Amino acid sequence: MAQKTLQTMFIEELRDIYSAERQIVRALPKLAKAASADDLRQALETHLEETRGQVERLDKVFETLDTSSRSRGKKCEAMEGMLSEANELLDLGLSPEALDSAIIAAAQKVEHYEIASYGSAIAWALALGYNEAADILSETLEEEKNADQILNKASRTVNDTAAEQVRAA
């Protein structure tokens, strides 16, 4: 069996990210609908639009590499698992305040996975001399970091509200 190269790993990582982003596009509307805090719902809806743009950017990256690898059915198992866990939260019977806290935690797991994935892909793109791809991926990485910061900010209010509910009981 022939050894795989960094080039192969880079394409596989892009395919994984592409699958993850497409799964997120399908999952975010349900999570946004379940959120009771307006700022959380708005953050999820805004990130949904960003994620759609990220999928388009990944299409551009594949074009710059002159490959149609994205269409070969790669499935991001990690994202599927994280989104499955997020969906399970919706069925736990949590109070709206506790559910908002749980949604934030699930969304941050997703963001951290994406940040790690895009960081690796950018490093590999630069090592391979794919500077245009690295620039495109860097734009998305910044959006992912920003989304994480927005979730951090929302969590302060949401978690305080959920904790107050517990103290009042």
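Leaving aside neighbours within four places in sequence, which residues is A32 in contact with? The model examined here is predicted; local features need pLDDT of at least 70, side-chain atom pairs count only at pLDDT 80 or more, and totals for chains, interfaces and linings use all residues. Residues are numbered from 1 along each chain as its sequence is written, and side-chain values use heavy atoms, with hydrogens and water left out.

A32 is in contact with R41, L44 and E45, its neighbours within four places in sequence being left aside. Contact here means heavy atoms within 4.5 Å. A32 lies in helix α1. Its relative accessible area is 4%, so A32 is buried. The classes of accessibility are buried (under 20% relative accessible area), exposed (over 50%) and partly exposed (in between), with a 1.4 Å probe and protein chains only. A32 and E45 are 13 residues apart in sequence, and their C-alpha atoms are 6.3 Å apart in space.

The chain has five helices and zero strands. Helices (H or I, at least four residues) and strands (E, at least two) are DSSP runs, numbered from the N terminus. From that terminus on, the elements run α-α-α-α-α. The C-alpha atoms fill a box of roughly 60 × 30 × 25 Å, taken along the principal axes. Of the 169 residues in the chain, 43% are buried. Among contacts with a separation of 6 or more, 82% come from residues 24 or more positions apart.

Helix α1 (residues 6-34) packs with helix α3 (residues 77-89) at an angle of about 5°, and their axes are 10 Å apart. α1 is therefore roughly parallel to α3. Angles under 35 degrees count as roughly parallel, over 145 as roughly antiparallel, 65 to 115 as roughly perpendicular and the rest as oblique. Axes are lines fitted to C-alpha atoms, for helices over the stretch in contact; angles run from 0 to 180 degrees between N-to-C directions. On the α1 side, A20, Q23, I24, A27, K30 and L31 take part; they meet M79, E80, L83, A86 and N87 in α3. By class, this contact has seven nonpolar, two polar and two charged residues. M79 is in contact with A20, Q23, I24, V110, Y113 and E114, leaving aside its neighbours within four places in sequence.

The largest nonpolar core has 47 residues. Such a core is a set of buried Ala, Val, Leu, Ile, Met, Phe, Trp, Tyr and Cys residues joined through side-chain atoms within 4.5 Å. F10, L14, L40, L44, M79 and L137 touch the most other members. α1, α2 (38-64), α3, α4 (96-127) and α5 (131-168) each supply at least two residues of this core. The largest share, 12 residues, comes from α1.

The structure holds two aromatic pairs. One of them, Y18 with F62, is edge-to-face, at 5.9 Å centre to centre and 85° between the planes. Rings of Phe, Tyr and Trp (its six-membered ring) pair if their centres lie within 6.5 Å; planes under 30 degrees apart count as stacked, over 60 as edge-to-face and the rest as tilted. Y18 in helix α1 and F62 in helix α2 are 44 residues apart, and the pair links distant parts of the chain. Y18 is buried, with a relative accessible area of 10%. F62 is buried at 0%.

D39 is found in helix α2. At 40% relative accessibility, D39 is partly exposed. D39 and Y18 are 21 residues apart in sequence and 27 Å apart in space, C-alpha to C-alpha.

Notes: Nonpolar A, V, L, I, M, F, W, Y, C, P; charged D, E, K, R; others polar.
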